[in-house]
Amino acid sequence: MPLAAAPRLDTGDTAWLLAATALVLLMTPGLALFYGGMVRTKSVLNMLMMSFVSIALVTVVWLVAGYSLAFGDDAFAGLVGGLGHLGLAGIGPGTLTGTVPTFLFSTFQLTFAIITAALISGAVADRTRFAGWLVFVPVWTLLVYVPVAHWVWGPGGWISHSLGALDFAGGLVVEIASGASGLALCLVLGPRIGFKKDAMRPHNLPMVLLGAGLLWFGWLGFNGGSALGANGLAAASLLNTLVAGCTGLLGWLFVEQRRDGHPTTFGAASGAVAGLVAITPACGVVGMPGAAAVGLAAGVVCSYAVAWKFRLGYDDSLDVVGVHFAGGVVGTLLIGLFATPVMTGGAAGLFYGGGLGQLGRQALAVVAVAAYTFLVTYGIGKALDRVMGLRASAEEELTGLDQTVHAETAYDHGVLGHGGAPLHTASSVVSSVTSPVAPPASSPVKDRKPSA
């Protein structure tokens with residue numbers, strides 16, 4: 001029998017993945033701006049720093065052990081990879097993954113791990129000790145992100161190979177994992193001072209929209225690059241990403257207009273992100289009509305999901321649960337309805353003659369990933385809180401983490417002339433905390449806080 005042809009480097013595929021990797025890395029600074037615009041002025045820089053420092057922390061962990069454990073040959077029952085590539089051992093410039101250099105594939109996957117960790121910061125904005133975050137991120141990456149990535153994308157991973165659930169670009173690995181982890185961590189830390197009493201609106205909506213635009217731009221590389229080649233699948237994934245972002249935006253604005261009487265810029269940014277979140281697992285397995293339906297469903301569902309925290313009492317500061325978890329669940333489950341063999345090469349959803357089997361597999365994967373990530377993250381958070389403390393002090397929170405942690409302020413409020421009054425400290429504003437300021441009844445965002 002003729003021997004199978006050895007993998008060969010494809011320069012077109014490599015060029016596209018190089019560009020896609022840069023696009024995905026840009027998403028984390030975009031997320032920093034997106035989140036930074038949503039918080040109050042006293043913690044803007046801290047919010048930016050939580051994203052930026054995640055780039056450094058996750059990169060070190062990924063190159064030392066993360067890549068090997070996620071994408072190394074399966075070591076045990078589809079649960080985790082082996083140790084053969086610790087420190088990228090055994091990989092050289094000529095080593096290929098498919099038709100692209102393994103160094104490039106590893107870097108592309110690294111950018112996914114970075115933004116997943118950074119996403120969690122939105123759930124605990126305004127009240128997390130920076131030192132605690134520096135420890136949490138690498139521990140979480142190794143114990144939560146790496147195993148889930150192996151389950152879904154790694155050689156022999158049980159979700160993809162044994163269960164047969166589909167996740168093209170990260171609905172399970174990125175969106176549901178970050179959303180469930182964010183919920184666990186915000187439960188560990190408890191609510192912000194003034195939650196459900198004080199007005200905590202976004203302080204800079206232009207910054208939010210700029211961040212959303214950068215996220216949307218980078219998402220084209222996030223999803224299109226997951227095809228790992230410059231081909232028709234990449235083009236279809238890119239188109240589906242654009243379409244779902246648009247229908248998500250329109251769905252959210254429709255709900256706002258009907259419910260609140262005002263379509264808002266904040267709603268437009270949130271709706272676009274919700275659509276992009278939902279299409280992430282589905283972009284390479286559904287057709288364009290399916291992508292439109294996925295985005296629209298996410299925009300509508302997430303516009304209501306962001307209010308869950310007020311009814312249930314958890315303080316998910318920037319709606320990581322309401323958008324990333326809810327949107328990730330919507331997109332992952334709708335694969336069971338809209339997956340088409342034209343895209344998957346075999347698997348089909350209910351609407352394309354596949355019955356309910358694929359929907360069941362998608363649902364089981366959602367439950368497994370959500371349960372694992374929530375429980376392990378809750379354990380990590382509790383352990384770190386007991387050992388070193390994860391929650392900032394009341395004084396730090398009231399004064400603002402920018403001043404108390406970083407000794408900086410994003411805006412120089414008091415120097416309009418040749419100097420100004422000193423910044424207020426917590427002791428000077430504590431009396432105002434006892435007299436909460438409620439948002440006006442006519443506010444279109446009166447029942448929700450910033451979305452993530």
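Guide: Start with α3, which supplies four residues, the largest share of the lining of the second largest pocket. Helices here are DSSP runs (H or I, at least four residues), numbered from the N terminus. This is a predicted model, with residues numbered from 1 along each chain. Local features need pLDDT of at least 70, side-chain atom pairs count only at pLDDT 80 or more, totals for chains, interfaces and linings use all residues, and side-chain values use heavy atoms, without hydrogens and water.

Visitor: How is a pocket read, and what volume does the second largest pocket have?

Guide: Rolling a probe the size of a water molecule over the atoms shows where empty space is left. The second largest pocket has a volume of about 400 Å³. A pocket is an open set of points on a 1 Å grid over the protein atoms alone, where a 1.4 Å probe fits, with protein on both sides within 12 Å along at least five of seven lines; lining residues have an atom within 4 Å of a point. Volume is the space filled by probe spheres set on the points.

Visitor: Which residues are closest to the centre of the second largest pocket?

Guide: W153, D167, F168, A169 and S226, out of 20 lining residues. Three helices each give at least two residues to this lining: α3 (102-120), α4 (130-153) and α13 (341-344). By class, the lining has 14 nonpolar, five polar and one charged residues. Asp, Glu, Lys and Arg count as charged; Ala, Val, Leu, Ile, Met, Phe, Trp, Tyr, Cys and Pro as nonpolar; the others, Gly among them, as polar.

Visitor: How do I read a helix pair, and at what angle do α1 and α3 pack?

Guide: Two packed helices are described by the angle between their axes and the distance between the axes. Helix α1 (residues 11-38) and α3 pack at about 15°, with axes 9 Å apart. So α1 is roughly parallel to α3 (under 35 degrees). Their contact (heavy atoms within 4.5 Å) includes L17, V24 and L31 of α1 and F105, F112 and I115 of α3. It has 16 nonpolar, five polar and no charged residues.

Visitor: Which way does α1 run against α2, parallel or antiparallel?

Guide: The axes of α1 and helix α2 (residues 44-71) come within 8 Å and cross at roughly 165°. Therefore α1 is roughly antiparallel to α2 (over 145). In α1, residues including P29 and Y35 meet α2 residues, among them M47 and F52. That contact divides into eleven nonpolar, three polar and no charged residues.

Visitor: What about α7 and α8: at what angle do they pack?

Guide: Helix α7 (residues 205-224) and helix α8 (residues 232-260) pack at about 140°, with axes 8 Å apart. They are therefore oblique to each other. W216, W219 and L220 are among the α7 residues in contact, and L238, C246 and L249 among those of α8. Here the classes are eight nonpolar, five polar and no charged.

Terms used. Axes fitted to C-alpha atoms, helices over the stretch in contact; angles between N-to-C directions. Parallel < 35°, antiparallel > 145°, perpendicular 65-115°, else oblique.
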